[in-house]
Amino acid sequence: MTDAAELRRRTRELLAAHPPAATDRLDFLRARFDAGLAWVHYPQGLGGLGATRSLQAVVDAELAAEGAPDNDPRRIGIGLGMAAPTILQYGTEEQRRRLLRPLWTGEEVWCQLFSEPGAGSDLAALGTRAVRDGEDWVVNGQKVWTSSAHLARWAILIARTDPDVPKHRGITYFVCDMTDPGVEVRPLRQITGEAEFNEVFLTDVRIPDSRRLGEIGDGWRVAQTTLNNERVAIGGTPIPREGGMIGKAAATWRERPELRTHDLHQRLLGLWVEAEVARLTGVRLRQQLAAGQPGPEGAGMKLNFARLNQEISGLEVELLGEEGLLYDDWTMRRPELVDFTGRDAGYRYLRSKGNSIEGGTSEVLLNIVAERVLGLPAEPRTDKDVAWKDLAR
Amino acid sequence: MSAQPEPALLHSEEEEALRAAVRDLLTDHCDPAGVITRTESAAPHDASLWKALADSMGLAGLLIPEHLGGQGATHREAGVVLEELGRAVAPVPYLTSAVVATEALLACAADDLLGELASATTVAVLAVGLHVAPGGAVPQVRLEAGALHGELTGIADASFADVLLVPADDGGLYAVGAADATVTGQVSLDATRPVARVTLDGAVGRRLGEAGPAVRRALRAGAGLLACEQLGLADWLLTETVRYLKERKQFNRQVGGFQALKHRLARLWLEVAGLRAAARNAADALATGVDTDVAVAVAQAYAAQVAVHAAEEALQLHGGIGMTWEHPVHLYLKRAKADSIAYGAAGAHRAALAELVDLRAP
């Protein structure tokens, strides 16, 4: 087993062979991948050394101390957080070798073709069809809420390969080349004025069967790997007191005494308390995880996060009074990075409306808490034994 | 603001063992039907349960140093006991005597009385109205020619106390034997922690020390650990309501399967999870002395709404049975509502936070 001392030694070797100051960024990242120091818990030859995941921090600290470039993880979050674990678990050896290295270095950006206009919370009802034709699959359909699609070389895609069986069973998981003919990406403008996301239209796109991940008809199970990793990625990091949205509102309150009213004061204090309690709940959750007793609080963290972001940013717009009537800029833009706490209060207010929809709506999350944490009866299922083609739509 | 040192929000094995021991005792000796019956009797407090907790288990002396006969434990352990007492709405003076009065006596270094409290031979209460927040205005009695005169109201558990700790207008805190005062029970919203009127008509007390710092310290500890009791109340209410709604059937279905109710219970669970973190943070901060004022104020600004919400949801979701005298949910509702006033309402703690974290009023 590779221990911390061994990782330190290998990291220093990498730094000696490729001094960051004198090495091209991409060359350095490729060398780091090849040295197994990209994600140490991945297997040897795929950017890792089969080490314990928590030891990554040892490598990261050594590299940061020497000013080594990173792979800009926020820009390639979907690849790192969702596509990579799925490729690792379900990909063939050839797929893993071809795809993981440029994914990690950021040379190839990934996007996710899951949601559809007719399949949001009920993702398994998706209707994009993939029909077998020789060694290829021919794909037709429309996907939506796809971030990075306009930048992406690859997509993880789920499509319906068998409409005659119940919805969960007729789905297959593919890797789609976004440069193929028939893939059309259109920006999807949001209420903020900008377009973080895209609509993706797939018209007779030919995907070779060699780019299938997992078995035919097993795509729903494969997608669970992707989605479970998405939930791990949301709400896992520690934040200081007044981190996040409440810090913005508190700063405005402190800097602008002329805006204060008694009503807003009471509401701000109430939200400050709730934000602090939510933070403490997260601290406790992480302590449980560290002690090897994962608690169910994780399911609730995103519910807190969404509601508080919305209420706090709404309060801040109101606090601003006359300035709250203004908006910084409605120009249609395509931001590469999204910061919920960025820009001005009006933007934050509008953007946070999406927090209770994206990554699982608050209503679905409440069902999950009620059923999995409290053990209350599941929602009645009228679609379980019905072929997908016979579902109401 | 800078990052805070991280509080320890999980219970240790020893703390879990303490919890299990207290819960076992309460399961055997504090059933809801018995508590309801007792509230209508002449003796609302459960003396034999108190003896078992305070004396046999030695829990009255958790916060008292070992050299005075106590356990030399911390507010974390006292918080564990209060979570369990809250779960059972136990009618014992733990918070008032073993926490609040004990803290006042510690502030005054009243070693003899602390020894008596630790050995469970004496119950003491601070003669300050239960509604008073840490730092709030404290009514005093008059000191005239060495004797105390005056009337104090809203004194929790006074009818069960042997000693009253009384603030007087000379700035002192006096120990007065209950036999030397007239203690008249007031008809209380929460009969499991009844309040009383204390009348002093020339009683002679012993001056223990300065009332100001002792009362502030006592009320801060009371407010912080009250959150643990409120957590216990809310946790029992949620658990019991979920259990009942899985069992109760209407419209040929388990009532707990209706989404409108599932969502209400899921939201309540989320609130209780928050209270668990906030209450244990307050207990930990009282024990370590780090960030204590903020931790207590956050817990008390949050706890009341959760405990009261849990009780109100429990009553509503139990339907008609929840409205009956026979079902214990009303005990929890009354305790939760009284607790929302005890040691300062949420608004008082929000006002304290406004100063502590520099979010000043207009």
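Trainee: How far apart are the centres of domain 1 of chain B and domain 3 of chain B?
Mentor: In this predicted model, the C-alpha centres of those two domains of chain B are separated by 20 Å.

Trainee: And how many residues does each side put into the contact?
Mentor: Domain 1 of chain B gives 22 residues and domain 3 of chain B gives 28 residues.

Trainee: Which helices supply at least two residues each on the domain 1 side?
Mentor: In chain B those are α2 (32-39), α4 and α5 (94-108). The largest share of that side comes from α4(B), with 10 residues.

Trainee: How far does helix α4 of chain B reach from end to end?
Mentor: Helix α4 of chain B runs over residues 75-87 and reaches 18 Å from first C-alpha to last, close to the 18 Å expected at 1.5 Å a residue.

Trainee: What follows α4(B)?
Mentor: V89(B) does, and its phi is positive, near 35°.

Trainee: Switching topic: where does V183(B) lie?
Mentor: V183(B) is in strand β6 of chain B, which covers residues 182-185.

Trainee: Why does V183(B) count as partly exposed?
Mentor: Because V183(B) has 18 C-beta neighbours inside 10 Å, and a residue needs 20 or more to count as buried.

Trainee: Which residues does V183(B) touch, leaving aside neighbours within four places in sequence?
Mentor: V183(B) is in contact with A158(B), S159(B), A178(B), A196(B) and V198(B).

Trainee: OK, chain A now. How is chain A divided?
Mentor: Chain A has domain 1 (1-70), domain 2 (73-217) and domain 3 (235-358). The C-alpha centres of domain 1 and domain 2 of chain A lie 30 Å apart.

Trainee: What goes into the contact between domain 1 and domain 2 of chain A?
Mentor: Nine residues from domain 1 of chain A and eight residues from domain 2 of chain A. On the domain 1 side of chain A, six are nonpolar, one is polar and two are charged.

Note on methods
Residues are numbered from 1 along each chain as its sequence is written. Chains are lettered from A and ligands numbered from 1 in the order in which they are written. This is a predicted model: local features need pLDDT of at least 70, side-chain atom pairs count only at pLDDT 80 or more; totals for chains, interfaces and linings use all residues. Domain bounds come from an automatic or database domain assignment. Two residues are in contact if their C-beta atoms, placed from the backbone, lie within 7 Å. Ala, Val, Leu, Ile, Met, Phe, Trp, Tyr, Cys and Pro count as nonpolar, Asp, Glu, Lys and Arg as charged, and the others, Gly among them, as polar. Helices (H or I, at least four residues) and strands (E, at least two) are DSSP runs, numbered from the N terminus. A residue is buried if 20 or more other C-beta atoms lie within 10 Å of its own, exposed if 12 or fewer, and partly exposed in between; C-beta atoms are placed from the backbone. The expected span of a helix is 1.5 Å times one less than its number of residues.
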